[in-house]
Amino acid sequence: MSILIKGGTVVSVTGAVTADVLVDGEVIAAVAAPGTLSEVDEVIDATGKYVLPGGIDPHTHLDMPFGGTVTIDDVESGQTSAAFGGTTCHVDFIIQPQGATFAAAVDEWKAKANGKQVIDMGYHMAVTDLKDGGTLEELATLPDEGITSYKLFMAYKGALMVDDETLFRTMETASQTGALVMVHAENGDVIDVLVKQALEAGNTDPLYHALTRPPEAEGEATNRAIQLAHLADAPLYVVHVTCREAVEPIARARDAGWDVWGETCTQYFFNSLDDIAKPNFEGAKYVYSPPVRDQSNWDVLWNAVRTDVLSAISTDHCAFLWDGQKTMGKDDFSKIPNGGPGLENRLQMIHEFGVRARRISLNRMVELLSTNPAKLFGLYPRKGTIAVGSDADIVVFDPEQTVTISAATHHSKSDYNLFEGTEVTGVPEVVLLRGQVLVEDGELVASPGVGQFVARAKFGEELKPEEVTA
Ligand SMILES: [Zn+2]
């Protein structure tokens, strides 16, 4: 099967050129001047459209037990919403159950995805317990299986949080095995004190979720993780950076040439304390961690992604129902499951408020949403670029069409959307995964099972594209 994507503007990190893209089987076989390629089975007219490398979301939680419930999107519904949003690969978190080996955790997560995959995916391993379950020796074997990043929670005391010994020993292991260390950087001990004090004072509304997780707690943990990773000689990626207090230590480390990167998520540019303060428990929709911040941080984050202090934008998609799951915390904000939906809206929101609002270039958008995640997480150049030999993961994006984002039309099972009612211009019109059309004319045209697990390369190494034998 060959497909010719004709006459679109092919966008990369460094340029944007009008070209035809030939897809042969699962890979890109040629990128050439318009009209110079022929003899194909199918033609997609991309005149006036952008041709983008498929989005890569390095931070999602599908089918994950958390806070006494399970996220509402499983692999099928979560990945379907991703496909409609122009994301063709993501890296999900395996959470090591307390007392379980890493191998058991990997098996459990792969079983949950089996047969349901709509897009390609990899896994990070979230290390929660090195005493009763997995060992450092076992952890060291994961990169050889294509699980090349270790995640540690410095927050969620009594649940996912690790102590500094576990954090540091995992970093030392990563420095030996070629894994990238990822941290959720908030000081969980301090937050635990503040939460108890708020509840004792009778402050139970969702707003107190944000007020008990102040920016200082994120800044302190970010700086601690950076210093410990430098000591352990491990590369570090700080997930979901939200505020100046965390951006500044990352900027300092990067200025010094340390192996430190940071990401933020779509929602931190748009949601704020005004949202979580909404009455009638509506604020619970915006309960995720780190929390929404005051609006002064929006410009801090835009500047950080523009200047490469932050190198990627993810979604931290961790979807729950408002009615039935978030309401578990109706009388106690600390019982509200943390997380929100977002896999579907990243490209449209960043295109609208980043590119169209002239905060970042079209090229930088591609870099933040696809190329950098591919490079940092061992998927490049097989993914993250439109180049000969790379997987034909392609989004034909109509930059003129206008739609309104709403839970009524999104594909997540969540009953709300963080960006409800936002009008955006720009729609992923056709989405291809390894040469197969996933989304066309607003319909999912591929069946679950088309997506695959991708064994990622070790940190700093390339994932070789398939040899093209056309
Ligand atoms: Zn997360």
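Start by selecting residues 260–265, strand E14, together with E15: the two pair in the parallel sense over three bridges. (Strands are DSSP E runs of at least two residues and helices H or I runs of at least four, numbered from the N terminus; two strands pair if DSSP finds at least two bridges between them.) Label Thr-264 and you'll find it opposite Ile-313 in E15.

A quick word on what you're looking at: this is a predicted model, where local features need pLDDT of at least 70 and side-chain atom pairs count only at pLDDT 80 or more, while totals for chains, interfaces and linings use all residues. Residues are numbered from 1 along each chain as its sequence is written, and side-chain values use heavy atoms, with hydrogens and water left out.

Now widen the selection to the whole sheet. Eight strands make an open, parallel sheet in the order E6-E9-E10-E11-E12-E13-E14-E15. E6 and E15 sit at the edges with a single partner strand each, so one side of each has no neighbour in the sheet.

Next, pick 87–95, strand E9. Nine of its nine residues are buried, so E9 is largely enclosed by the rest of the structure (buried means under 20% relative accessible area, exposed over 50%, partly exposed in between, with a 1.4 Å probe and protein chains only). On one flank, four bridges join E9 to E6 in parallel, with Gly-55 partnering Thr-87. E9 also pairs with E10 (120–126), again parallel, over seven bridges; there, Val-91 stands opposite Gly-122.

Last stop: the zinc ion. Which residues coordinate the zinc ion? His-59 (NE2), His-61 (NE2) and Asp-316 (OD) do, at 2.1 to 2.2 Å. (Donors are N, O and S atoms within 2.8 Å of the metal, or 3.2 Å for Na, K and Ca; water is not among the atoms, so sites may look incomplete.) Their spacing in sequence is H-x1-H-x254-D. His-61, in the loop between E6 and E7, and Asp-316, in the loop between E15 and H11, are 255 residues apart, and both are buried.
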